[in-house]
Amino acid sequence: MGAQVSKQLQRRQAISTEKKTLVDLRNNSGTEFPGSDYHPEDRKNWMSLLDPEKLQIYKIVWPGTHDSATNKIGIRFVSRPFAQCQSLTIYRQLVKGTRLLDIRVQEDRRVCHGILKSYNVDVVIGDLKKFLSETQSEIVILEIRTEFGHQDPSNFGAFLEEQLGELLIRQDDRVFHKTVAELLPGRVICVWKPRNSPQPKPGSLLWSSGYLKDNWIDTDLPSTKFESNLKHLSQQQPVSSRKFFYRVENTVTPQADNPVVCVKPVTDRIHGWARLFIAQAFAQGCADRLQVFSSDFIDNDFVDACAGLTHARIEGKA
């Protein structure tokens with residue numbers, strides 16, 4: 001018992017020390033970067049405001065949500081706090097400015113997070129279609145994967161093609177250097193990541209898993225995650241020469257050996273440091289590699305930071 005108490009005290013001290021590390025870094029280095037003062041007048045249409053005729057896909061910094069379809073996961077007040085990473089519906093996330101959705105599914109086409117499940121994936125697709133019907137030039141990356149420990153839903157690739165139809169942007173390496181205007185009326189880059197079924201083939205309406213990569217660091221320590229994200233980002237090619245999307249997740253996750261296992265208080269340890277991360281990416285010479293930036297419980301400031309850097313790239317300032 002004494003050893004366990006001692007271990008938990010050490011964990012709390014480590015978390016406190018790592019929080020202070022980020023505070024000191026912010027105080028010493030600041031959080032300004034090219035485009036940091038930009039705030040879109042309409043987050044629902046922030047891509048449209050940046051001129052679809054000029055906005056090339058590779059220049060976009062995509063604000064994404066981690067475990068996007070968890071707003072109603074599990075049982076409220078019982079299991080939900082242990083798995084909920086977003087409080088908004090898919091539609092509200094998109095209206096707020098989210099442009100990458102991370103959707104996990106199980107065998108029966110219900111969205112899930114681990115062993116907990118929620119609504120049918122039809123809800124996600126319905127919200128996405130509603131948003132796209134209300135906008136004209138917003139492009140969304142829809143990542144759908146079979147959750148770990150589950151089997152692929154039957155004929156799911158064909159289902160996605162049928163449901164999204166002409167909204168889908170066909171898998172093509174040339175997409176990265178095309179403008180938003182050149183891709184219209186296509187609006188969705190759908191990355192389907194099955195566990196056992198065949199991957200989408202080159203040239204198909206769906207994109208295979210190799211087109212969306214990341215380096216997931218499973219920790220609840222904010223500075224550890226922050227520094228690891230920077231390290232892995234620095235090892236990537238610049239967005240101008242890359243033929244896949246690379247994601248950085250501004251999140252930390254509860255650990256089994258820590259008494260704090262609810263998502264919200266844990267992820268709050270890093271949530272507010274997105275602007276510092278972008279500023280540090282510039283300081284370390286790897287801002288030209290940042291492309292997809294994801295968050296738990298996405299907010300306006302996170303979207304503004306991504307839109308601001310995108311704006312700076314179009315203007316040739318970043």
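Author: Let us begin with pairing: two strands count as paired if DSSP finds at least two bridges between them. Please keep in mind that this is a predicted model.

Reader: What makes β1 and β9 a pair?

Author: Strand β1, residues 62-65, is joined to strand β9, residues 292-295, by four bridges, and the two run parallel. The definition asks for at least two bridges, so β1 and β9 are called paired. Within this pairing, T65 has S295 of β9 as its bridge partner.

Reader: How do you know that β1 pairs with β2?

Author: Between β1 and strand β2, residues 100-105, there are two bridges in the parallel sense, and because the definition requires at least two, this meets it. Here the bridge partner of T65 is L101 in β2. From β1 the chain passes through helix α3, residues 90-96, to reach β2, and this β-α-β crossover is right-handed.

Reader: Why is β8 called largely enclosed?

Author: A residue is buried when its relative accessible area is under 20%. In strand β8, residues 245-249, five of the five residues are buried, so the strand is largely enclosed by the rest of the structure. Both of its faces are covered, with F245, R247 and E249 buried on one side and Y246 and V248 buried on the other.

Reader: Which strands does β8 pair with?

Author: Strand β7, residues 212-214, is joined to β8 by three bridges and runs parallel to it, while β8 and β9 also pair in the parallel sense over three bridges. R247 of β8 is the bridge partner of D214, and R247 also stands opposite V292 in β9.

Notes:
Residues are numbered from 1 along each chain as its sequence is written. This is a predicted model: local features need pLDDT of at least 70, side-chain atom pairs count only at pLDDT 80 or more; totals for chains, interfaces and linings use all residues. Side-chain values use heavy atoms; hydrogens and water are left out. A crossover is right-handed if, with the strands pointing away from the viewer, the path from the first strand over the helix to the second runs clockwise. Buried means under 20% relative accessible area, exposed over 50%, partly exposed in between (1.4 Å probe, protein chains only).
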